[in-house]
Amino acid sequence: MPQPHAPRPLVPLAQGIKALGLLILASGCSALPELGAIGASSEVDDANQAYAAPTAAAKTLPTATVVSVGDGDTLRVQGQGGPLTIRLACVDAPESSQAFGPEASLRLRQLLSTGRPVEVRAIERDRYDRTVAEIYSGGQSVGLQLVREGYAVVYEQYLDGCAATATDYRQAEAAARAARLNFWSQPNPTLPWDFRRGAASPGSPPPQTPTVTSPPAAPPPAAAPSRLPACTSSDCDCGDFATWEQAQAVLNASPGDPHRLDGDSDGVACESLR
């Protein structure tokens with residue numbers, strides 16, 4: 001679930017998300033008034049309220065429909081011109097193979113169920129050709145909600161993409177940490193970007209590599225990319241791929257599925273991207 005290391009110009013971005021078929025807002029988040037939290041879990045029902053996009057601003061945001069959720073900060077949407085992979089901006093959720101990674105993915109699916117309409121504030125394209133964007137459901141920031149509930153952390157390195165509401169993100173994280181919600185309930189949580197580098201927090205054990213089984217004899221064919229994604233040198237998950245074909249190519253090239261892309265061992269990688 002890595003964030004991009006360098007933003008790309010806005011013109012390629014506009015071309016890349018033409019599937020949304022509407023206006024792209026390239027500036028930082030607008031200041032947002034307080035509304036009730038989106039479907040908050042019981043442990044945060046009385047927590048700080050989520051921020052909602054102003055009605056006037058929401059009308060200018062491109063709209064799309066949720067197709068699927070890959071992990072805790074990645075999803076697919078259907079715009080007017082076709083499907084698009086979205087990486088949630090300004091936050092980072094635990095990896096699928098990390099503590100609270102599956103819970104973060106489940107929570108995002110609860111907030112953004114298939115067929116749900118959303119508003120998209122695009123910021124840039126990342127190196128995996130995903131659109132980095134803030135997603136609003138019912139006018140409310142989904143990324144901020146995940147941080148508030150302790151299912152995602154603030155990605156300080158890329159928080160300038162949400163400059164106008166950076167304080168809201170930081171305050172939401174501070175409240176979740178103080179309440180020891182979900183990811184922050186661990187004594188020494190390893191931050192997602194450190195986990196991807198294989199670094200563990202002091203006193204915490206290294207990530208365990210699960211026992212893997214041999215792949216099926218004849219996996220489905222996939223289009224071979226010109227080169228495999230950079231994540232294959234460390235650890236890939238479904239959120240690292242812009243298309244299913246990329247994920248399947250990595251699975252086919254990795255005997256034993258060391259990246260755990262085929263959870264049900266049917267020979268098909270990252271079925272949520274298909």
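How much space lies in the largest cavity? About 40 Å³. The notes below start with the ground rules and return to that cavity later.

1. **Basis.** This is a predicted model, in which local features need pLDDT of at least 70, side-chain atom pairs count only at pLDDT 80 or more, and totals for chains, interfaces and linings use all residues. Residues are numbered from 1 along each chain as its sequence is written, and side-chain values use heavy atoms, with hydrogens and water left out.

2. **Disulfide Cys 90–Cys 162.** A search of the whole structure finds 2 disulfides; the term means a pair of cysteine sulfur atoms within 2.5 Å. Cys 90 and Cys 162 form one of them, with sulfur atoms 2.2 Å apart. The torsion about their S-S bond is about 95 degrees, so this disulfide is right-handed. The pair links distant parts of the chain, 72 residues apart. Cys 90 sits in the loop between strand S3 (83–88) and strand S4 (91–92). Cys 162 sits in the loop between strand S8 (153–154) and helix H5 (166–178). Helices (H or I, at least four residues) and strands (E, at least two) are DSSP runs, numbered from the N terminus.

3. **Burial of that pair.** Cys 90 is buried, at a relative accessible area of 0%. Cys 162 is buried as well, with a value of 0%. Buried means under 20% relative accessible area, exposed over 50%, and partly exposed in between (1.4 Å probe, protein chains only).

4. **Disulfide Cys 238–Cys 270.** Here the S to S distance is 2.2 Å. The torsion about the S-S bond is about -90 degrees, so the disulfide of Cys 238 and Cys 270 is left-handed. This pair also links distant parts of the chain, 32 residues apart. Cys 238 is in the loop between helix H6 (192–196) and helix H7 (244–252), and Cys 270 is in the segment after H7. Both Cys 238 and Cys 270 are buried.

5. The structure holds 3 aromatic pairs. Rings of Phe, Tyr and Trp (its six-membered ring) pair if their centres lie within 6.5 Å; planes under 30 degrees apart count as stacked, over 60 as edge-to-face and the rest as tilted. Tyr 155 and Tyr 158 are edge-to-face, 4.9 Å centre to centre with 85 degrees between the planes. Tyr 155 and Trp 193 have ring centres 5.0 Å apart and planes at 10 degrees, so that pair is stacked. Tyr 155 lies in the loop between S8 and H5 and Trp 193 in helix H6, so the pair ties together parts that are 38 residues apart in sequence. Tyr 155, Tyr 158 and Trp 193 form one aromatic cluster. Relative accessibility is 5% for Tyr 155, which counts as buried. Tyr 158 is buried at 8%. Trp 193 is buried too.

6. **The cavity.** Rolling a probe the size of a water molecule over the atoms shows where empty space is left. The structure holds 1 cavity of 30 Å³ or more. On a 1 Å grid over the protein atoms alone, a cavity is a set of points where a 1.4 Å probe fits but cannot get out; lining residues have an atom within 4 Å of a point. Grid points are joined across faces, edges and corners, and a volume is the space filled by probe spheres set on the points. Glu 95, Phe 195, Arg 196, Asp 235, Cys 236 and Asp 237 line the largest cavity. By class, its lining has 2 nonpolar, no polar and 4 charged residues. Ala, Val, Leu, Ile, Met, Phe, Trp, Tyr, Cys and Pro count as nonpolar, Asp, Glu, Lys and Arg as charged, and the others, Gly among them, as polar.

7. **Ala 247 and Asp 237.** Ala 247 is found in helix H7. Ala 247 is buried, with a relative accessible area of 0%. Ala 247 and Asp 237 are 10 residues apart in sequence and 8.5 Å apart in space, C-alpha to C-alpha.

8. **Strand pairing.** Two strands pair if DSSP finds at least two bridges between them. Strand S1 (residues 63–71) runs antiparallel to strand S5 (residues 117–125), joined by 3 bridges. Ala 64 stands opposite Val 118 in S5. S1 is also antiparallel to strand S2 (residues 74–78), with 5 bridges. Thr 65 has Gln 78 in S2 as its bridge partner. A hairpin through 2 residues joins S1 to S2.

9. **Backbone points to check.** Most residues other than glycine have a negative phi. Cys 90 has a positive phi, near 70 degrees. Asp 129 has a positive phi of about 65 degrees although it is not a glycine. Asp 129 is in the loop between S5 and strand S6 (131–137). Asp 129 is partly exposed, at 40% relative accessible area.

Definitions and conventions:
1 Å grid on protein atoms, 1.4 Å probe; cavity = no way out; pocket = protein on both sides within 12 Å on 5 of 7 lines; lining within 4 Å.
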